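Student: I have a set of coordinates to read, and I would like to go through them feature by feature. Could you give me the general idea each time, and then the case at hand?

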Amino acid sequence: MITENKVVTIDYSVTDETNQIIDSSEGREPLKYLHGAGNIIPGLEQALAGKQAGDAFEVTVAPEQAYGQYNPAHVQKVPADAFQGVDNVEVGMSFTAQGENGNFQVRVTAVEGDQVTVDANHPLAGKTLTFRGTVQEVRDATAEEAEHGHVH
Ligand code: ZN
């Protein structure tokens, strides 16, 4: 049964409010995570607690329990020449920016002449997400995994 300090393997798909598939483990390795360590979003972790290998799950998670609310204050316009060493700044590019509290990722969401709009929100911020899948395997974490807070 899924409790703290279990290593859990799931296959899953994620859809947004419009039923569009955003991500899926199909055709890839299934997802492995350490339960109770905050490796996955809180809403999904809570929904999986108590399940066992072979159980199916379906849970709809509000932004607060997923990737947070979308914050318009995290969108900024910067001059194109702020991107040193990049010849062509294009929509969809990601950059690491330096902030007061360390580095963070921004995505380019618009380019208008010399003005580049960057967005530091998580790409899934503000979205209500539905996860569907099956628990494949549940095992005890090793002492080292439990200490490190992730799966080896
Ligand atoms: Zn480790």
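This is a predicted model: local features need pLDDT of at least 70, side-chain atom pairs count only at pLDDT 80 or more; totals for chains, interfaces and linings use all residues.

Student: Which residues have the most contacts inside the largest nonpolar core?

Tutor: In soluble globular proteins, nonpolar side chains tend to be buried together. A nonpolar core is here a set of buried Ala, Val, Leu, Ile, Met, Phe, Trp, Tyr and Cys residues joined through side-chain atoms within 4.5 Å, where buried means under 20% relative accessible area, exposed over 50% and partly exposed in between, with a 1.4 Å probe and protein chains only. The largest such core has 18 residues, and those with the most contacts inside it are I10, L44, L48, F57, F131 and V135. At least two residues each come from strand 1 (6-15), helix 1 (42-48), strand 4 (56-61) and strand 9 (129-140), these elements being DSSP runs numbered from the N terminus (helices H or I, at least four residues; strands E, at least two). Strand 1 gives the most, with four residues. If contact is taken as heavy atoms within 4.5 Å, V135 touches, among others, I10, L48 and F57, leaving aside residues up to four places away in sequence.

Student: Which residues does a second, separate core include?

Tutor: That core has nine residues, including V89, A97, V106 and V108. V89 is found in the loop between strand 5 (75-79) and strand 6 (94-99), and it is buried, with a relative accessible area of 13%. Not counting residues up to four places away in sequence, V89 touches F83, F95, V108, V111 and V116.

Student: How are the rings of F83 and F95 arranged as an aromatic pair?

Tutor: Rings of Phe, Tyr and Trp (its six-membered ring) pair if their centres lie within 6.5 Å, and planes under 30 degrees apart count as stacked, over 60 as edge-to-face and the rest as tilted. By this rule the count comes to one aromatic pair. F83 and F95 form this tilted pair, at 4.8 Å centre to centre with 55° between the planes. Because F83 lies in the loop between strand 5 and strand 6 while F95 lies in strand 6, the pair ties together parts that are twelve residues apart in sequence. F83 is buried at 12% relative accessible area, and F95 is buried at 18%.

Student: Is D119 buried or exposed?

Tutor: D119, found in strand 8 (residues 115-119), counts as buried at 4% relative accessibility. A polar atom of its side chain lies 2.8 Å from the backbone nitrogen of N121.

Student: Which residues are the protein donors of the zinc ion?

Tutor: Donors are N, O and S atoms within 2.8 Å of the metal (3.2 Å for Na, K and Ca), and since water is not among the atoms, sites may look incomplete. Here the protein donors are H148 (ND1), H150 (NE2) and H152 (NE2), lying 2.0 to 2.2 Å from the zinc ion, with the spacing H-x1-H-x1-H along the chain. H148 is partly exposed at 41% relative accessibility, and H150 is partly exposed at 37%. The side chain of H152 also makes a polar contact with the side chain of E144 (3.4 Å), a polar contact being a pair of N or O atoms within 3.5 Å in which, within protein, one must be able to donate a hydrogen and the other to accept it, and residues adjacent in sequence count only if both atoms are side-chain atoms. E144 lies in helix 2 (residues 143-148).

Note on methods
Residues are numbered from 1 along each chain as its sequence is written. Side-chain values use heavy atoms; hydrogens and water are left out.
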